[in-house]
Amino acid sequence: MDRRLFLRCIGCTAAVAAATQTELFPEILGGIQNACAFDSPPQLASVEARYYKKLDEHGIECEICPRHCQVTDLERGFCGTRENRDDTYYTLVYGLPCALNIDPIEKKPLFHFYPGTTALSLATAGCNVNCKFCQNWEISQSRPEQTNNFPLDPRDAVNTCVVRKIPTIAYTYSEPVIFYEYMYDIARHGQKKGIHSVMITGGYIEEKPLHDLLPQLDAVKVDLKAIREEYYRTIVHGELKPVLDRLIQIKKEGTWLEIVYLVVPTLNDSEAEFTELARWIKTYLGNDVPTHFSRFYPQYLLKNLPPTPLKTLETAYQICQAEGLEYVYLGNVPGHKAESTYCPKCGAVVIKRRGYRVLQTNLNGNRCSKCNHIIPGIFS
Amino acid sequence: MSKVVVVKYSGKLSKQGCTPEQYLRMLSCGFKLLTGKSNLVKILQTMIPANSVIGMKTNCLARRHNSTPVALTQALTNILTEAGFDENDIIIWERTNRELSQAGFTLNAASHGIRCFGTDTNGVGYSRDFYTFGDVNSLVTRIITDIVDYNINLPVLKDHSIAGLSAGLKNMYGAINNPNKYHDNNCDPFCAHISNLRPIKEKNHLTILDAIKVQYHGGPGYVSKYIDYYHGIIISTDPVAADTVGLKILQQIRKNNGLPVLEKVERPVKYLKSAEQIGLGVTDWNKIDIRTVTIDKHGSETIGELF
């Protein structure tokens with residue numbers, strides 16, 4: 001199978017975009033060919049889900065995310081990937097990614113986590129929210145039978161990284177919380193083989209499953225989509241409060257954390273919101289948590305809005321710096337100086353970036369090579 | 001006024017439910033009552049434009065236990081072919097081939113014979129563009145957008161653990177790509193808004209609600225201890241009125257079996273009012289002209305009551 005056919009099989013805009021920087025794996029592609037057979041109905045997984053309880057009379061209640069879907073026989077939760085069969089809850093996406101690429105870690109974005117390295121990035125169909133701006137809606141808002149999936153056992157995912165010398169696996173593109181069991185098992189195998197795991201998430205997960213998962217992960221990037229509950233209710237179809245609680249939990253439990261805030265014109269781009277956001281981060285997480293402001297491009301259900309003006313992003317940047325955040329970045333603006341990391345003590349460029357590329361690193365271990373100031377993160 | 005016809009069968013039914021012949025009698029009687037005309041062939045030729053590709057949206061969630069009966073589709077197909085429609089222009093459909101197969105349907109995507117396939121069939125899938133109404137943004141199955149001209153909705157009357165009622169409007173969840181996103185707030189107003197998505201509204205013309213066997217609690221899956229028999233079908237060109245009558249029957253069966261009304265178990269069927277508000281049909285009992293008839297095993301018809 002050639003690369004073009006592989007991408008057709010994946011059927012995902014994000015994957016297509018990502019593939020420009022991707023090497024593909026013949027050992028994985030061998031598995032994909034089966035998934036593309038014309039007459040075969042899509043085979044879904046049937047692995048019992050974790051974190052659910054049986055209800056008194058009939059049905060189950062999912063306890064993996066704050067939505068707590070109550071699901072009766074043969075129905076699915078909001079995510080569309082978990083199904084009740086005779087009051088046993090199953091994940092249908094275990095071992096069935098629909099997108100798989102090698103990305104720079106900067107693309108996640110994780111800027112303080114092994115800069116300049118790559119991550120095997122994978123996703124299954126489904127999501128537990130429905131953001132109107134989603135860039136990957138073709139997979140995140142689909143049920144697994146609507147995507148082209150291919151079998152990839154957790155051990156195979158890890159072995160591929162070992163063979164290809166890819167240091168990290170990123171659970172990304174859609175929402176890893178909905179393929180929790182698969183992510184957990186890959187991460188666990190990865191740990192044994194020295195492969196890192198990073199979760200790129202909206203953070204809409206319950207406390208207990210996150211607590212159990214964090215020891216398997218090396219870093220988490222949370223999309224904090226807004227600092228206002230109303231935005232979460234109307235644009236994200238989720239809730240803000242549990243996300244804030246989980247951010248605090250991640251920080252408390254000691255897993256490396258970075259935050260992305262997608263700035264959507266007219267919806268979450270006021271100076272008051274940037275100020276509120278900066279103050280919340282500083283108060284509850286500390287001023288050294290990298291905070292990325294990402295530029296919005298019209299997508300999915302928000303095609304009526306323009307891309308975020310650069311000026312708005314720069315305003316966010318300035319406000320956060322003025323509020324004392326030490327590592328503020330702008331994303332989706334290649335070439336901007338705010339893509340680089342600066343030492344908060346001496347102002348020197350410690351990691352110079354352009355787009356997803358690391359051009360120069362001026363670090364001794366995790367210290368600024370000029371003034372010896374400690375730069376937080378995992379660098380070596 | 002919206003006319004709703006309820007045809008009940010008083011003869012003995014087998015464990016499998018009605019035979020195609022029994023359904024044929026019920027449908028024949030129902031169509032005549034619905035239109036006030038006596039020639040069944042002419043009735044269908046008047047209702048459905050010539051050369052239409054006709055869809056039959058089934059509900060196959062409960063597999064063989066309590067899905068749209070194959071016998072109902074066979075009876076309807078007989079009537080349609082009798083009226084001159086090509087059998088290859090009839091498509092029995094559902095979300096997935098798996099669901100159809102598990103409900104007892106024989107898949108066929110060939111260019112001869114009655115077609116039967118799911119949206120997941122290669123080359124079918126969902127619309128490229130989103131359709132939006134109110135709180136719903138969805139891709140719609142190409143069976144509705146591109147393939148059929150006239151859809152007949154063939155739901156099964158059931159209790160629904162979230163929506164309260166699973167009938168015609170709820171069955172259209174099977175026509176979109178993301179039904180799992182629309183179950184909050186007792187599926188209100190989503191149930192109404194999905195049926196008001198342009199291609200669905202334009203092509204979904206007739207509801208035949210199967211209420212031979214009713215899952216009056218524990219639905220929409222199959223729970224044998226909560227099955228009761230109404231022995232009826234409900235026919236209307238008003239999807240909201242059909243569901244309103246279906247709800248009345250469901251509530252009565254629940255009462256007969258000692259269960260509280262749906263409102264008391266936090267499953268009020270709010271979406272019917274929402275559907276009325278956007279002009280999909282009527283819920284006002286004073287605006288629904290209900291004709292109930294009972295037919296016996298010899299085909300004799302008597303005017304009857306809902307209960």
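Modeller: Helices (H or I, at least four residues) and strands (E, at least two) are DSSP runs, numbered from the N terminus. In this predicted model, local features need pLDDT of at least 70 and side-chain atom pairs count only at pLDDT 80 or more, while totals for chains, interfaces and linings use all residues. Residues are numbered from 1 along each chain as its sequence is written.

Colleague: Where is the place of Arg76(A) in chain A?

Modeller: Arg76(A) lies in the loop between β4 (70-71) and β5 (82-85) of chain A.

Colleague: Why does Arg76(A) count as buried?

Modeller: Buried means under 20% relative accessible area, exposed over 50%, and partly exposed in between (1.4 Å probe, protein chains only). Arg76(A) has 11% relative accessibility, and therefore counts as buried.

Colleague: What makes a polar contact between the side chains of Arg76(A) and Glu83(A)?

Modeller: A polar contact is a pair of N or O atoms within 3.5 Å; within protein, one must be able to donate a hydrogen and the other to accept it, and residues adjacent in sequence count only if both atoms are side-chain atoms. The side chains of Arg76(A) and Glu83(A) are joined at 2.8 Å. The side chain of Arg76(A) also has a polar contact of 3.0 Å with that of Glu145(A).

Colleague: How do you know that Asp184(B) and Arg67(A) meet in a salt bridge?

Modeller: The term requires a side-chain nitrogen of Lys or Arg within 4 Å of a carboxyl oxygen of Asp or Glu. For the side chains of Asp184(B) and Arg67(A), the N to O value is 3.8 Å, a salt bridge. Across the interface of chain B and chain A, the rule finds 1 salt bridge.

Key
Chains are lettered from A and ligands numbered from 1 in the order in which they are written. Side-chain values use heavy atoms; hydrogens and water are left out.
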